[in-house]
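This briefing covers helix packing and ligand contacts in the structure shown below. Please read it alongside the sequence and the coordinates.

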Amino acid sequence: MQYYSTNKQASPANLEEVVIKSLAGDKGLYMPERIPVIDRSVIAAMKDKSFQEIADLVAQAFFGEDMEPQALVEIVSETLSFETPVVHVNDNIYSLELFHGPTLAFKDVGARFMARVLSYFILRRGLNREVNVLVATSGDTGGAVANGFLGVPGINVFVLYPKGKVSPIQECQFTTLGKNITALEIDGTFDDCQALVKAAFVDDTLNEYMQLTSANSINVARFLPQSFYYFNAYAQLGRAGKADDLIVCVPSGNFGNITAGLFAFKMGLPVKHFIAANNRNDVFFEYLRTGTYNPHPSVETYANAMDVGNPSNFARILDLFGNSHEQIASLISGYRYTNEQIAATMRNACNLHQYLLDPHGACGYQALADYGLKPAETGLFLETAHPAKFKETVDRILHSDIEIPAKLQEFMKGKKKSIALGKGFEGFRNFLMDF
Ligand SMILES: *Cc1c(COP(=O)(O)O)cnc(C)c1O
């Protein structure tokens, strides 16, 4: 399969190049030249299959031409060592719980898959050159990427995070691992971290000296495998007789997760309508309403993994629908919520339905409630993180003291190790060249 750039200037590339480079030379995002369609009958039969079997079918359709079948099956199997259960919340609203992986957030799926696919191509090339993954994090991405890539041969990971601005629970998930994971504590903001990563990608000397790549959802191997769990959710709802007239709601920041859902839709997954739920960072909501895309600096909210002012995957959504605002707005609705609304939703779900939402899932749940499901429709929102990942916020809102799962406690026992750097590019560059 060939991949083209959304900016249409760079030449097409194969999967190996796309996974190793992340971003096209013209700064566009890579898109597959065609989207494989899975037969209706095969999709209907998924309700009798395991998550692994379902994911194999989807992975094969996309990556089958470019990877050996057995290797791909093994990568899928190693990626999905946990379940993504669909849980009933109330009326016809269901939660797709994506937080049962190692760092308790949905990003585990994409990070684990990408790490293995990248390693597959590096080893196939003969490991003469390591690949260095740079990732800037405001909290959640760093943990998922570091754990996904931990111990994977041929790859070094550098996690850049803003000093004093990530929660202790988040910080320990990427500072205690060692091995091929290096945590860089930057004396600056998240935007400074991101600026350093961006500057590194365009620095010629650095790129000649070492192979750099990104593990952000701009990478095809990171966002696309997220389509696995949309199919798996459909299968689970099918078993419960609830898969018809399905409305899928995705709490969105960089829009990688919902883009994977839109790919699943284009592959034939019967979804009637999508909803993108946002916090106060509402560029997409405004785009749906006005047809104008107007990125702006992000604002901080309770749902901080969605504090994105210029979602990178917007370019993919435009491309998927031929830049047609009309098509996009007829398939996807948008909702946006303030911190106060997020808090009220969390309290209601907890008190009325005994369901513990995290601040991101709360946006998803509330958007389905506000959409007004018809009796025959089923609403499914993606619960993107375990509430304990945002313990301080959740406890403050619910006056609770929620339990930290054993998996998270393990991280907190480890010894924190990070390297302090300033926010200037020279220092960062020298550090990488001397590593
Ligand atoms: C990353 C993240 C999101 C946003 O996902 P995108 O793919 O960037 O839209 C939502 N919730 C949580 C908990 C996240 O970590």
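In this predicted model, helix α6 (residues 140-149) packs against helix α7 (residues 168-175) at an angle of about 25 degrees. Angles under 35 degrees count as roughly parallel, and α6 and α7 are therefore roughly parallel to each other.

**Packing of α6 and α7**

- The axes of α6 and α7 lie 8 Å apart, and the crossing of these helices is left-handed.
- On the α6 side, the contact is formed by Asp140, Gly142, Gly143, Ala146 and Asn147, while α7 contributes Gln170, Gln173 and Phe174.
- By class, this contact of α6 with α7 comprises two nonpolar, five polar and one charged residues.

**Ligand surroundings**

- There are 15 residues around the ligand, of which Lys107, Gly253, Asn254, Phe255 and Thr384 come nearest.
- Asp140, a member of the α6 contact with α7, has a side-chain N or O atom 2.9 Å from an oxygen atom of the ligand.
- For Asn254, a backbone N or O atom is 2.8 Å from a ligand oxygen atom.
- A polar backbone atom of Phe255 lies 2.8 Å from an oxygen atom of the ligand.

**Packing of α16 and α17**

- Helix α16 (residues 339-353) and helix α17 (residues 359-371) meet at an angle of about 80 degrees, and their axes are 9 Å apart.
- Helices α16 and α17 are therefore roughly perpendicular to each other.
- Ile342, Thr345, Met346 and His353 of α16 make the contact with Pro359, Ala362, Cys363, Tyr365 and Gln366 of α17.
- This contact of α16 with α17 contains six nonpolar, three polar and no charged residues.

Note on methods:
Residues are numbered from 1 along each chain as its sequence is written. This is a predicted model: local features need pLDDT of at least 70, side-chain atom pairs count only at pLDDT 80 or more; totals for chains, interfaces and linings use all residues. Side-chain values use heavy atoms; hydrogens and water are left out. Axes are lines fitted to C-alpha atoms, for helices over the stretch in contact, and angles run from 0 to 180 degrees between N-to-C directions. Helices (H or I, at least four residues) and strands (E, at least two) are DSSP runs, numbered from the N terminus. Angles under 35 degrees count as roughly parallel, over 145 as roughly antiparallel, 65 to 115 as roughly perpendicular and the rest as oblique. A crossing is left-handed if the near helix is turned anticlockwise from the far one by less than a right angle, and right-handed if clockwise. Contact means heavy atoms within 4.5 Å. Ala, Val, Leu, Ile, Met, Phe, Trp, Tyr, Cys and Pro count as nonpolar, Asp, Glu, Lys and Arg as charged, and the others, Gly among them, as polar. A residue is near a molecule or strand if one of its heavy atoms lies within 4 Å of it. A polar contact is a pair of N or O atoms within 3.5 Å; within protein, one must be able to donate a hydrogen and the other to accept it, and residues adjacent in sequence count only if both atoms are side-chain atoms.
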